[in-house]
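Please brief me on the structure shown below.

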Amino acid sequence: MKSKRQDKILELITEFEIETQEELIFYLNKYGFETTQATISRDIRELKLTKIIGSTGNYCYATHDKVAQNSPAPKFTGVLVDSIIKVSYANNIIVLKTFPGLANAIGSGIDAIHSPEILGCVAGDDTVIIVLTSEDAAKSISEKLKQMMRSV
């Protein structure tokens with residue numbers, strides 16, 4: 001059953017831009033796979049799924065193969081997202097609080113995105129400051145980061 005469920009997950013993330021575990025559970029239930037969030041979380045980890053920016057600008061699940069083919073952005077894996085404790089923004093600046101010693105890894109990932117909205121970032125021991133082109137960009141990116149934190 002596990003193998004069939006995981007095959008279906010791979011099929012679903014290829015067919016749909018699935019943004020959350022709840023959405024994935026919905027589709028699995030629709031196709032006859034009764035499952036829980038804990039099971040889906042394990043499946044995501046075992047399948048080594050990551051999130052990429054989809055066609056709508058929101059993050060969605062993908063395999064590492066798809067990330068390598070279609071996205072120049074860094075892979076924000078569960079480990080990186082789990083390193084972020086708090087996301088805040090004011091005006092055109094986002095401040096990320098991380099666990100001690102992990103801000104540089106997050107900062108490097110953000111720098112590697114090469115987004116035109118991101119002017120740059122500075123990382124300390126447990127804080128990353130991201131400077132963006134506008135307050136709207138700061139709001140949008142901070143919300144996307146918060147969504148990723150809730151769904152990984």
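## Overview

Over the whole structure, a search finds 0 disulfides, a disulfide being a pair of cysteine sulfur atoms within 2.5 Å. The model is predicted, so local features need pLDDT of at least 70 and side-chain atom pairs count only at pLDDT 80 or more, while totals for chains, interfaces and linings use all residues. Residues are numbered from 1 along each chain as its sequence is written, and side-chain values use heavy atoms, with hydrogens and water left out. Helices (H or I, at least four residues) and strands (E, at least two) are DSSP runs numbered from the N terminus.

**Cysteines**

- Cys 60 is buried, with a relative accessible area of 4%; buried means under 20% relative accessible area, exposed over 50%, and partly exposed in between, with a 1.4 Å probe and protein chains only.
- Cys 121 also counts as buried, at 19% relative accessibility.

**Helix H1**

- Helix H1 covers residues 2-15, and its 14 residues should span 20 Å at 1.5 Å a residue; the expected span is 1.5 Å times one less than the number of residues.
- The end C-alpha atoms of H1 are 20 Å apart, which agrees with that expectation.
- Buried in H1 are Arg 5, Gln 6, Lys 8, Ile 9, Leu 12 and Ile 13.
- Down the axis of H1 these buried residues fall within an arc of 155°, so they line one face of the helix; the arc is taken from the directions from the helix axis to the C-beta atoms.
- Lys 4 and Thr 14 are exposed residues on the face of H1 turned away from its buried side.
- The packing partners of the buried H1 residues are helix H2 (21-30), helix H3 (37-47) and strand S2 (59-62), where contact means heavy atoms within 4.5 Å.

**Helix H2**

- The buried residues in H2 are Gln 21, Leu 24, Ile 25, Tyr 27 and Leu 28.
- Seen down the axis of H2, its buried residues lie within an arc of 165°, so they line one face of the helix.
- Turned away from the buried side of H2 is a face that carries the exposed residues Glu 22, Phe 26 and Lys 30.

**Aromatic pairs**

- The count comes to 2 aromatic pairs, with rings of Phe, Tyr and Trp (its six-membered ring) pairing if their centres lie within 6.5 Å; planes under 30 degrees apart count as stacked, over 60 as edge-to-face and the rest as tilted.
- The rings of Phe 16 and Tyr 27 have centres 4.4 Å apart and planes at 20°, so this pair is stacked.
- That pair links distant parts of the chain, with Phe 16 in the loop between H1 and H2 and Tyr 27 in helix H2, 11 residues apart.
- Phe 16 counts as partly exposed at 23% relative accessibility, whereas Tyr 27 counts as buried at 14%.
- For Phe 26 and Tyr 27 the ring centres are 5.5 Å apart and the planes are at 75°, so the pair is edge-to-face.
- One aromatic cluster is formed by Phe 16, Phe 26 and Tyr 27.

- Strand S3 (residues 84-90) and S4 run antiparallel and are joined by 6 bridges; two strands pair if DSSP finds at least two bridges between them.
- Ser 88 has Val 95 in S4 as its bridge partner.
- The hairpin of S3 and S4 has 2 residues between the strands, and Asn 91 there takes a positive phi near 55°.
- S4 also pairs with strand S6 (residues 127-132), in the antiparallel sense over 5 bridges.
- Leu 96 has Val 128 in S6 as its bridge partner.
- In a regular strand the side chains alternate between the two faces of the sheet.

**Loop residues**

- Ser 83 is found in the loop between helix H5 (78-82) and S3.
- Ser 83 is buried, with a relative accessible area of 7%.
- Leaving aside neighbours within four places in sequence, Ser 83 is in contact with Lys 97, Thr 98, Phe 99, Leu 102 and Ile 106.
- Thr 63 sits in the loop between S2 and helix H4 (64-70) and counts as partly exposed at 25% relative accessibility.
- Not counting residues up to four places away in sequence, Thr 63 touches Leu 10, Ile 13 and Leu 49.
- Thr 63 and Thr 14 are 49 residues apart along the chain, and their C-alpha atoms are separated by 8.7 Å.
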